[in-house]
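Student: Please show me the structure, and then we can go through it by question and answer.

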Amino acid sequence: MSAPPTPDVANDRSTLPPGRVLGDRLCTSCGYNLIGQTIQREPHYDLFIIRCPECGAVAATQEYPLVGRWAFRLGMLCAALWIMIMVALWAGTTGAFVGLGIATGEIASQSLQNTLWTAYTAWQEQQTPGSSYNPTSFQAWWSEQDVDAMVAASGGWRGVFDLEAFIMLIPLSLVPLGFGVLWGIALFRQRRTGLLVWGAIVMAVSTAISCLSYLDWIAPTSPWTAARSVAGPPSQFAAMAYMTLSLWTGLLLGRPIARGLVRLFLPPRLRGPLAILWTTDGRTPPGMICPRGWPRDPLGPTPVSGGDAPSK
Ligand SMILES: [Zn+2]
């Protein structure tokens, strides 16, 4: 009467597709990174194991703490140290950007300062011959000036800015580029979008801080502050935008450079712990053995083999 018994495929664990190692796991025998390796069922004791494709050593899937309490404390110390280094790197990056931004604004204002100084001293000589510069008379003169007319008289904005400032920025863009490379390597968990967002955050904070220098220029009392109040902000923002492009380039170049250095300087068996430089970008670490037909991405979905796998 009853239907012939059908094997309960879905609940029979021996027919389930094998799992794979999804995190960094180093072979205890040779140090090879077992990420992406198939987890097998060992027939004798019916335990899950991973077999090292390099040396054949067998590893259990459970991880037992191999180190004592002091090693754990040392690990905590290293983590705290890492956070402090990252904060210092952030402060250093911000400091470099603020410094370069303000310096660009100042150097770009120099020729306008000379123009203003000449015009102001001529005016003052007319008002009270023989007197020298004083802030009150400068403020009186400056309040009568039409900035747009002055810019037009200097031959437009191109005549206002000292091009020297922007020429100086070309070699100096190596500084944000270098910081970008460091960040690209340090933020090893972030993909490209995350890296670009981080670059934008760094630049936003730096730009906000560099705007504090404008406080000095709100009510100009000298040709120097007056020149910077006109030529400073646009040149400062232009410098920040240019350095952002440089930082972004560095952020995207960081990991490829690190991967090249690892390939160049480390023999394959020592590359295991650095596999994250590849896996974060969805790449297969060099020398990793990928079973045929499996996706290149070691952290991708586990392929289902053959027709004996459950369909649901
Ligand atoms: Zn091994």
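Tutor: What covers the buried residues of helix 7 includes helix 1 (69-108), helix 8 (192-210) and helix 9 (223-265). Helices here are DSSP runs of H or I with at least four residues, strands are runs of E with at least two, and both are numbered from the N terminus. This is a predicted model, in which local features need pLDDT of at least 70, side-chain atom pairs count only at pLDDT 80 or more, and totals for chains, interfaces and linings use all residues. Residues are numbered from 1 along each chain as its sequence is written.

Student: Which residues of helix 7 are buried?

Tutor: A residue is buried if 20 or more other C-beta atoms, placed from the backbone, lie within 10 Å of its own. In helix 7 the residues that qualify are P176, F179, G180, V181, W183 and G184.

Student: Is helix 1 roughly parallel or roughly antiparallel to helix 6?

Tutor: The axes, lines fitted to C-alpha atoms over the stretch in contact, come within 8 Å and cross at roughly 150°. Angles run from 0 to 180 degrees between N-to-C directions, and those over 145 count as roughly antiparallel. Helix 1 is therefore, relative to helix 6, roughly antiparallel.

Student: In what order do the 3 strands form the open sheet?

Tutor: Two strands pair if DSSP finds at least two bridges between them. Strand 2 (residues 47-51) is joined to strand 3 by 3 bridges. The pairing in the sheet is antiparallel, and the order is 1-2-3.

Student: Which residue of strand 3 does R51 stand opposite?

Tutor: Strand 3 (58-60) is an edge strand, pairing on one side only. The residue opposite R51 is V58.

Key: A residue is buried if 20 or more other C-beta atoms lie within 10 Å of its own, exposed if 12 or fewer, and partly exposed in between; C-beta atoms are placed from the backbone. Two residues are in contact if their C-beta atoms, placed from the backbone, lie within 7 Å. Angles under 35 degrees count as roughly parallel, over 145 as roughly antiparallel, 65 to 115 as roughly perpendicular and the rest as oblique.
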